[in-house]
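Dear colleague,

I am handing over the structure below, and my notes on the sheet, the helices and the ligand site follow it.

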Amino acid sequence: MKKNNYLNLLMTLTSLIENETNELSLLANVTALIKTALPQVSWVGFYLLKDGNLLLGPFQGKVACTVIPLNKGVCGQSARTEQTVLVKNVHLFPGHIACDSAANSEIVIPMIVSKKLYGVLDLDSTSFSRFTKTDKFYLEEIVAIIARELEKITK
Ligand code: SME
């Protein structure tokens, strides 16, 4: 079931973004697509790297923190290490930034565009252990597809 959600999402994603020429429109629509396609996701959005900080980009969900330094939070760790960070219980993660006190689990995927850190994709859930290795696998694939499109746009 979960895998099918992602296979449908991947097909829609490709057709949604392949002719998009504006960076912000592309990112905004991707957040809407993910939020609609995946169950039990309370927040999904991009934080984009600017002048050494992660700044809030397009998102779906409640209002969120606008600036995340690279040495803070799950997002900062993902950006710093350029690795996906999967957190089953955010209350046990040292330095977790609670934008929404109802969030209990989280996954953050780094976005590398033209070999440089561009930002991160962040998903929150009010359920504990909402995100699994399957989510990690497909969300990394989604981010890789977006990164390739952004490379074309920003060239
Ligand atoms: N929890 C994140 C902050 C961003 S919000 O979840 C939208 C973190 O610890 O980096």
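Two strands are said to pair if DSSP finds at least two bridges between them, and helices (H or I, at least four residues) and strands (E, at least two) are DSSP runs, numbered from the N terminus. This is a predicted model, in which local features need pLDDT of at least 70 and side-chain atom pairs count only at pLDDT 80 or more, while totals for chains, interfaces and linings use all residues. Residues are numbered from 1 along each chain as its sequence is written, and side-chain values use heavy atoms, with hydrogens and water left out.

By that definition, β1 (residues 43-50) pairs with β6 (residues 116-125) in the antiparallel sense over six bridges, and Val-44 stands opposite Leu-123 in β6. Both strands belong to an open, antiparallel sheet of six strands in the order β3-β2-β1-β6-β5-β4. Because β3 (67-69) and β4 (85-87) at the edges each have a single partner strand, one side of each is left without a neighbour in the sheet.

Helix α4 (residues 133-154) packs on this sheet, touching β1, β4, β5 and β6, where contact means heavy atoms within 4.5 Å.

As for the ligand, 13 residues surround it, the closest being Val-74, Cys-75, Ile-97, Glu-106 and Asp-124; a residue counts as near if one of its heavy atoms lies within 4 Å. Among the polar contacts (pairs of N or O atoms within 3.5 Å), an oxygen atom of the ligand lies 2.7 Å from a side-chain N or O atom of Asp-124, and a ligand oxygen lies 3.0 Å from a backbone N or O atom of Val-74.

How values were computed: Axes fitted to C-alpha atoms, helices over the stretch in contact; angles between N-to-C directions. Polar contact = N/O pair within 3.5 Å; in protein donor to acceptor, adjacent residues only side chain to side chain.
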